[in-house]
Amino acid sequence: MGLFITGILSLDYNSLNVRLRRVTWQNLRLLRRMSNSFPIECLQESKAFELPQEILSHSQSLKRNIKEAFYKMSRQAFHIFTQDTFKPTWEETHLSQVQVGLDHQLRYLEQCLEEEEDGNEDTGEREETLRSSSPPAGNLELRRYFNRIDRFLKDKKRSPCAWEIVRMEIRRCFYFFQKLTALLRRR
Amino acid sequence: MVQSVKRKQGWHLLQCLRKVFSWRASLSWVLEGLGGEANLKPENVEIHIIDDNFFLKWNSSSESVRNVTFSADYQILGTDNWKKLPGCQNTTSTNCNFSSVELKNVFEKIELRIRAEEGNNTSIWYEVEPFVPFLEAQIGPPDVHLEAEDKAIILSISPPGTEDSIMWATDRLNFRYSVVIWKNSSSLEERTETVFPEDKIYKLSPEITYCLKVKAELPLQSRVGYYSPVYCINTTERHNVPSPENIQINADNQVFVLKWDYPYENTTFRAQWLRAFFKKIPGKHSGKWKQILNCENVTTTRCVFPRNAFPSGIYYVRVQASNGNGTSFWSEEKKFYIEMKTVIFPPVISLKSITDDSLHVSVGASEESENTSVNQLYPLIYEVIFWENTSNAERKVLEKRTEFTFLDLKPLTVYCVKARALIENDRRNKSSSFSDTVCEKTKPGDTSKTWLKAGICTALFSIPVVIYVVRLFLRCVNYVFFPSSKPPSSVDEYFSDQPLKNLLLSTSEEQTERCFIIENASIITEIEETNEIDEVHKKYNSQTSQDSGNYSNEDENSGSKISEEFLQQDSV
């Protein structure tokens, strides 16, 4: 049972990056289009989630760190948008498009990380190669950030406003990562 | 100044006293301990966290049972607000469960302290090393629900912790599950598989008791959980309607062809598809499988559906058979990648001979493949086969570039090339068919050819040079052997006034010098009136009479006139 999205195709890293970027921009657009506009009444409920600016530890190469953080963040975003108790006021088609898009993004990121891994083996689960050797504390900032979002949703009992705010936040997150990756690429 | 000194002294005194007292306290405690009296302090305090369950364990420093109770406090690191740890207040046992603590955030560092109490005596606090609950937590056993078919078992695994788990709130989708399954009769034949939360274990035998256990892992954090308890279940008897087998999906231009095997006739089939990522999400997805439109109630073992029904991604497909006797179980779920199912067209090769020992190869895409997504999505590499036309020895090369050269070839020989395109590192070894064979002859000649070329070039360059040199030479020769009789032009100027014959005539006359007296002014003034020109001549003459007489011919005519007049005057 070929279960994991294994690296059957090992892609050229640059073209992978290009595709990743394209998918992320697509997802940003999808997220934007999910609802017509941000409802004004939700503005007062908006909360500062404090996206962690320093999610990068200094142990590994900067590029890999960002990719890893982006991967984890995409995973969280995917998790948020695929929850069963998900009952927002968005259209079903939009939602499924976002899910598919996020899945794409995740797959590309997984492949990216696998490309960077030295001594990449074809056998075995690819996920094992994604084991980050940076201390787990480096991931805590990101986890705390998502914990805040998660708790916000729970506290607001997943009201439509809460979803809108969370959607906005995910967009900001993706945008942040896109810019960060672009900055690294220019170095 | 004095005040500050006093204050300092006071402070020092206070410190001293404090030290004494604490020393006394510890001393008394030691003494008490030595004395065997109570005031025990907890030792070896450990924290165990499994999912959302928090346990505290410690050892009592005394073996004898007394009325000793323990209490614990906690606080978030950094704040100064010790709170009572629920479930660990005044407990007589050496462990407690404080799962009811409402931690808002399991990613923050927590401090714990615990002490022993006996009556009114309390020990000092034992402070536990601050920790992050999330990092200390262990993954507990997942919850498993089983359903049996005849040749498969359907698994429904719930992630560790409850649905409202605060520990794994951000990781629920990240768990990977590992199943160990064996036949109850012989535990030697164990099989370990990695499964999704909603999955099936296939290739089992009917009417056999299978036992399994499941554990959850978080691979990214290198964390492995505890195994669940062992569950056993019997597979059902063989179903009278078998499931389709050997599902295959192939791409054919703009459609996908789904094929399967089935042993019996007179059966209708239907096929369903599911987006692959749904399998990562725990919970029942039975509602998420969708019918493939062209594959509903088909009576053949194949169906065709358009490619654009499925945008890019990964999907699962399953097929079910039904006839008069009933409906089969679903077949094995076949995973397919849309991108993989594209046809790779053979490349187009062109061969050029540049020098006598190399051939340049250009690999291009055929027109049909220009529009497909394969080239855009995945870079191709080319397997190039290269041989001499006359021999059979083939050279196989894998090339990533589309322009490359074969070197060290023999001149004036025909070589042939053919190639096919592959997807790089493709485990399935998917490739196109071979392109047409293209042959080309290498250029002729070895060093003589280059010499010839060089010779021609130099000859071409040297011709104008040679012409120029020859011209110079001829001029020299002409100058030396055939001089021109014409005098140089500068001499001509002087002879232009007097023709040659005057010279000849004038030489017959005698050339005499005339001397003239110029002091007699009266004579001169008389002549002056008549002939001004004569005076000039006179002066001229007197001057020239002192000369050698080269230019005397000019003066002769004028001189003769003046001489006649003087002779006339002298005679008077």
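Two strands pair if DSSP finds at least two bridges between them. Helices (H or I, at least four residues) and strands (E, at least two) are DSSP runs, numbered from the N terminus. The model is predicted: local features need pLDDT of at least 70, side-chain atom pairs count only at pLDDT 80 or more, and totals for chains, interfaces and linings use all residues. Residues are numbered from 1 along each chain as its sequence is written, chains are lettered from A and ligands numbered from 1 in the order in which they are written, and side-chain values use heavy atoms, with hydrogens and water left out.

Strand β30(B) has pairing partners in β27(B) and β31(B). β27(B) and β30(B) run antiparallel and are joined by nine bridges. Within this pairing, I385(B) has K418(B) of β30(B) as its bridge partner. Strand β31 (residues 438–441) of chain B is also antiparallel to β30(B), with four bridges between them. There, V414(B) stands opposite K441(B) of β31(B). β30(B) is mostly covered, with seven of its ten residues buried. Buried means under 20% relative accessible area, exposed over 50%, and partly exposed in between (1.4 Å probe, protein chains only).

Six bridges link β9(B) to strand β10 (residues 153–158) of chain B in the antiparallel sense. A148(B) has I153(B) of β10(B) as its bridge partner.

Over all chains, the structure holds 27 aromatic pairs. Rings of Phe, Tyr and Trp (its six-membered ring) pair if their centres lie within 6.5 Å; planes under 30 degrees apart count as stacked, over 60 as edge-to-face and the rest as tilted. Y262(B) and Y264(B) are edge-to-face, at 6.1 Å centre to centre and 85° between the planes. Y262(B) is buried at 11% relative accessibility, whereas Y264(B) is partly exposed at 48%. F386(B) and Y415(B) are stacked, with 5.4 Å centre to centre and 5° between the planes. F386(B) lies in β27 (residues 380–388) and Y415(B) in β30 (residues 414–423) of chain B, so the pair ties together parts that are 29 residues apart in sequence. Both F386(B) and Y415(B) are buried. One aromatic cluster comprises F256(B), W273(B), F305(B), F310(B), Y315(B) and F336(B).

Two arginines of chain B sit over tryptophan rings. The criterion is NZ of Lys or CZ of Arg within 6 Å of the ring centre and within 35 degrees of the ring normal. The charged end of R113(B) is 4.2 Å from the ring centre of W125(B). For R318(B) over W330(B), the distance is 4.0 Å.

The largest nonpolar core has 55 residues. Such a core is a set of buried Ala, Val, Leu, Ile, Met, Phe, Trp, Tyr and Cys residues joined through side-chain atoms within 4.5 Å. M73(A), I80(A), F81(A), F146(A), I170(A) and F174(A) have the most contacts inside this core. Elements giving two or more residues include α1 (13–33), α2 (62–81) and α6 (160–186) of chain A, and β22 (314–323) of chain B. α6(A) supplies the largest share, ten residues.
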